[in-house]
Amino acid sequence: MTRPRLLLATMSLLTLLITGCAVGGGDEDAVRVYSGRHYDLEVAFERFAEETGINVEFLFGSDAELRERIQAEGEDTEADVYLTVDAGNLSLAAEEGLFQPLDSAVLDEVVPENIRHPDGLWYGLSQRVRTFVYDPDDVDPSELGTYADLADPAWDGRLCMRNASNVYQQSLVASLIANHGYERALEIVEGWVANDVQILGSDILVLETIAQGGCDVGLTNHYYLARLLEDDPDFGVDLAFAGQDAEGVHVNVSGAGVTRFADNPDLAQQLLEWLADDGQDLFANSNHEYPVNDAVEPDELVVEEFGSDFSADPLNAAEYGSFNADAVRLMAEAGFE
């Protein structure tokens with residue numbers, strides 16, 4: 001390990017210790033999780049410990065910080081599990097050799113094939129739909145077809161979207177490349193830019209801008225709107241599923257894999273199996289995400305507000321990582337900032 005890498009790892013450790021929290025308190029037989037997903041995980045880990053007697057120790061950090069720390073620690077890593085959001089992040093960790101393949105009949109049974117790595121390096125544990133959100137006073141949902149349709153001049157001056165540096169936006173564009181090829185995807189994104197799309201820094205800003213009349217249609221992960229509706233049932237934005245008469249709506253994941261040099265790989269696999277099965281309701285529904293396990297119902301608010309009967313893009317989520325670099329290059333070429 002080089003000196004610069006050691007320094008960087010130490011800086012990351014300081015950041016993580018400030019933001020993280022230990023459930024198990026240094027137990028050698030605990031599962032240790034580095035998590036880039038921050039939504040209500042403590043409750044799920046505590047329930048897992050209650051049901052199995054296996055404690056979970058965890059650290060929160062950014063996706064890049066955690067991947068960098070696992071790489072820097074190498075064979076001495078403290079992480080048994082890397083858990084994060086977005087298949088692009090999971091694919092990048094897989095490409096960097098951070099995971100070991102799992103042989104799990106439980107995970108193979110309950111996690112659909114299109115939202116897990118083909119070689120078992122990572123598994124989606126909950127689903128997040130990235131789709132149309134719109135002002136119901138100005139848009140008839142029948143006008144909303146596919147992501148490509150937003151390039152039509154009819155939407156000139158009416159769009160708002162997340163910025164190009166955001167991994168959710170990158171994964172969406174990566175899926176356009178995988179489904180349509182680079183040149184067609186470029187035409188689509190250039191069409192968004194030609195329609196003078198507003199580029200915003202968060203999904204919440206997209207939703208608030210629509211509610212305030214600043215644009216008519218945007219693209220966000222569905223659970224951001226669910227959270228706003230939970231606080232204010234009259235929040236003036238509606239949701240429609242994209243691509244229902246075409247390739248289907250874009251689906252991404254929260255997911256995890258067991259690290260290559262995990263001290264407790266068997267316990268780590270047991271945690272992933274529990275999160276996807278016995279603990280699936282707690283893991284997915286605490287953040288208003290859609291369960292990956294079809295034996296588990298989505299939470300009541302999601303079903304009532306959005307429904308759960310939609311056609312999803314069957315593209316394997318691992319493709320988002322494969323086309324990530326192309327997606328970043330394409331958006332720059334199109335002038336999408």
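Contact here means heavy atoms within 4.5 Å. By that rule, G145 touches F132, A242 and G243, not counting residues up to four places away in sequence. The model is a predicted one, so local features need pLDDT of at least 70 and side-chain atom pairs count only at pLDDT 80 or more, while totals for chains, interfaces and linings use all residues. Residues are numbered from 1 along each chain as its sequence is written, and side-chain values use heavy atoms, with hydrogens and water left out.

G145 sits in the loop between strand 5 and strand 6; helices (H or I, at least four residues) and strands (E, at least two) are DSSP runs, numbered from the N terminus. With a relative accessible area of 22%, G145 is partly exposed, on a scale where buried is under 20%, exposed is over 50% and partly exposed lies in between (1.4 Å probe, protein chains only). The C-alpha atoms of G145 and A246 are 8.3 Å from each other, though 101 residues separate the two along the chain.

Next comes strand 8. Five of the five residues of strand 8 (residues 217-221) are buried, so the strand is largely enclosed by the rest of the structure. In a regular strand the side chains alternate between the two faces of the sheet. Here both faces are covered, with V217, L219 and N221 buried on one side and G218 and T220 buried on the other.

As for its neighbours, two strands pair if DSSP finds at least two bridges between them. Strand 5 (residues 123-134) runs antiparallel to strand 8 and is joined to it by five bridges, with F132 partnered by L219. Strand 6 (residues 159-162) pairs with strand 8 in the parallel sense over two bridges, and there L159 stands opposite V217.

One disulfide (a pair of cysteine sulfur atoms within 2.5 Å) turns up in the count. It joins C160 to C215, S to S 2.1 Å. C160 lies in strand 6 and C215 in the loop between helix 8 (203-211) and strand 8, so the bond ties together parts that are 55 residues apart in sequence. Both C160 and C215 are buried.

Finally, two helices meet. In helix 6 (residues 167-180), Q169, Q170, V173, A174 and I177 touch N324, D326, A327, V328, L330 and M331 in helix 14 (residues 324-334). The residues of this contact divide into seven nonpolar, three polar and one charged; Ala, Val, Leu, Ile, Met, Phe, Trp, Tyr, Cys and Pro count as nonpolar, Asp, Glu, Lys and Arg as charged, and the others, Gly among them, as polar.

Conventions: Axes are lines fitted to C-alpha atoms, for helices over the stretch in contact, and angles run from 0 to 180 degrees between N-to-C directions.
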